[in-house]
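Dear colleague,

Please read the notes beside the model.

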Amino acid sequence: MVERRVSTGAQSIHFGPFTQGAALTRPPALVVEDYSFWFKIPMDGEAEAALENVSFEIAQGEFVLVLGRSGSGKSTLALNLVGIYPDYFGGHNQGKIMIAHPERGLINRRELEPGERFQLVNMLFQNPQDQIVTLSVEEEVAFALENYLMAPAEIHPRIDRALDLVGLKGFRERSTVKLSGGEKQRVALAAMLAMEPKVLILDEPTSNLDPVGTSEVLDAVDRIREHVDLTLIVIEHEVDAVFDRVDRVLLVDGKTVHGPSDPREFLDQHGLEVRDHLGLWIPQAVEVALELRRSGVPIPRIPLNGDELVDSLSEYRSPKAEGRSEADTIRTAPSSPPDRPAVIDVQNVSFSYEKDQVLKGVHLQAYSNELLAIVGQNGSGKSTLAQLFNGILRPNEGTVLVEGKSTTDYDFAHLVKRVAYIFQVPEKQFIRNTVYDEIAHGVRALGLTEAEAKPRVESFLEGLGLLDHKDKSPYILSHGQKRRLSVACMVVAEPDVVILDEPTFGQDYHQAQRLMQLLRQLADKGAAVVFITHDMRLVAEYADRCAVLAEGRIVYEGTPPELFDAPEVLAHAKLKAPPIHAFSRRLVGRSLLDTGELTRELKEISDAKPRTGV
Amino acid sequence: MPNLELAYRAAESPFHRMTPSSKLLYVIGVSFVAIFNTNLYVALALFLFCFSIAAFFTAVPLKTYWTLGKVILPFIIILMIVFPFFYGGQATVGSDEIAIRTPFKDLSWAALGFGGLLALRFLALGVSGLTFAFTTHPSDLVQNLSKRGWDYRIVHAPVLGLVLFPAFLEMGREISITQRIRDLGQDTNPIKRKWVRLKHLAFAMLVLGLRNGQTQAMALDIRGYGAHKTRTFMRPAPRSRGGTIFGWTFFILSIVYLIYQWSPETMQWNMDFS
């Protein structure tokens, strides 16, 4: 036997004492006892644990949110709970994971055959595309049932029930390839539900989806909870819509797991440390409440959503907000675009992929020194439009001008140096073997000698926090590091325009902030930064202007506040304003998009109120 | 986006009711005759037969066949035009009399017939292949072959390919775009640049393909793929006695015709096996 010595590896951020949640009111569905996991044990017997002495219990029927920074081990924990690690992809474990078996009671996972285990605990992955394996909806839902030798007579009612639960009644015969992102994710969810598992883990189920797709999936989750006695564990960065739905939260920090505990207690106990220290996204309503509490405003009970925030701050509501509801709209006309020549000028552009017309007579301008957000539903043509900006695609009709000259008149190699395009998946951007060479490639293209390039590359890497990794392969960096590198290698040559597809996809709060600040700096230096996103919170906080694409046309251009004050545009493009837009109006009488600004106004109102001593 | 033109078209027709293996016998029979036949009239009859099947027994509009047919038509026309120049006396139908004079070579009626034979050969193969694709649900094929003793994981592999391959191609397209954007191999000559880009494309697709493949393997595993040696099928298997008789009859006739054609008296390619 190799003696196993556990090293601590990377230091996890110290996080204060963590209160274990109250005793379970229902029998446990899942019990993890002193569980540790190692990806591999090197020959010298020293190993770095990915999970160490993890213990927690989750009750039957609970809905648990798993929180943690990007790369903190949330997915590793989930894959261990399901048994993919270590049984399928290797690694070593010790300790116990017990699952509630309908007949045998709480039973060690090891005593179950993999097939039986997957019928009790299962998992939905982040990208629906990765888990669709058949050509029609009904086959997809039936796939696991067929593999587990279920009789056809039993399969059909299960398909109907599962599709009904996820709101896809009538979709049985549809082709899986023709579904939208949200529909695909719900089909994948139905495929899991059809197995009637006792515990279902959802790994960032909405991260690839637009706001409407996200709502559809979360509505499906609500319906499931209403009708099925299922324990749900969800890993999610999009916390605004989830925090008030869950019963408890579980925090994965490095290799340790804290909780689960009541979400309100969790926030009450740790306050803004969760965001500032751990880099976790927290709901905007919570952010405002915690900021106010930090500045001395008494908030006895932490609200989890906008309604609760409004209730808890009823005494501080501005007189201007009296009688205002979320439905009230104060319309502002879209402001005029900047009064300077556009760097990119899209003039009446149409584009088709064979028979599918994606863009129809699009007009759009992007200016230097601004962050322009392009928003719209999945499949509305956002990426296609962005790929016309640097000549990757050429319009069927109309013209795209870059600094007054048509993209078709540019030499492609020259144009792409001026208009940098950054894909959503960072790995697709890498062309060199080391982090250093990735950046140096762009610098060398400017004609600099190696001696001139080196300090520039190193200073760039230092600014991104990647200097220590300069000799590593880009493929082995963490997701956040890969994202920063993919941006850096495109902007190092100082392009006039930077286009990013979903810049903060899958990133935690700190990583997203760092990246967006980098983009702000680029814009401040004179670049036009265009980003495509589904994240309305990102648009609200960072975009100077936004363009809304729906059915192949730009249906709106204006500032984020103007857009979120135009409900018919949001409805047409199937978008949603971030929660702060609605609750700020009910609190201070006008819509705000910045939690800091709202907090300041509320603080001023609070300071102006005479203290009652309550 | 994936090209779905080859996908199954749900309809009610004699060919939809046939078992996939009966249809496979038909396609194999057509393929044998089309490939080994050297008689223009037989090739024409075979094509018309396949066309009639497609038109009257599949309930799939001919327009749907044309959508894909037009893609391979230029290839067939090129065969028709180019191959007569390589005619070396293979018997088809037609005389040695000069039919067309060209700057390269004078073409006889037999040479033109040879070009026509090649075109009809590929048309018959194409139409029968499309008939199979349009009328056979992939799941029925998996079910049919599994019940005949094939491992269902192997038979399901083409279905997985249909679902996953388009995404793999899209990934390759995006990596190629990146190479162009970042001007990979900028400091080398065009041939070396192609080589550098090809190497990088292979590596990146391997890395990303493995990563995606790992997730897809997980998705299959946790849904019991391979948990048992067999599986059930919720779709009722198509069954048609007439279809089975048709499939076997056509297959046997095609073999008989090939034997007849291969006999020394009728062998038209004059192949000497002695």
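Helices (H or I, at least four residues) and strands (E, at least two) are DSSP runs numbered from the N terminus, and the expected span of a helix is 1.5 Å times one less than its number of residues. This is a predicted model, in which local features need pLDDT of at least 70 and side-chain atom pairs count only at pLDDT 80 or more, while totals for chains, interfaces and linings use all residues. Residues are numbered from 1 along each chain as its sequence is written, and chains are lettered from A and ligands numbered from 1 in the order in which they are written.

In chain B, helix α3 (residues 40-56) has 17 residues and reaches 24 Å from its first C-alpha to its last, close to the 24 Å expected at 1.5 Å a residue. Buried in α3(B) (20 or more other C-beta atoms within 10 Å of a residue's own, against 12 or fewer for exposed and in between for partly exposed, with C-beta atoms placed from the backbone) are B:Leu40, B:Ala43, B:Leu46, B:Phe47, B:Cys50, B:Ile53 and B:Ala54. They cover an arc (that of the directions from the helix axis to the C-beta atoms) of only 150 degrees, which puts them on the same side of α3(B). On the other side of α3(B), B:Ser52 and B:Phe56 are exposed.

In chain A, the peptide bond from A:Tyr85 to A:Pro86 is cis, with omega near -5 degrees, and A:Pro86 is placed in helix α2 (residues 84-87) of chain A. A:Asn53, in strand β3 (residues 46-59) of chain A, is a residue other than glycine with a positive phi, near 45 degrees.

Best regards
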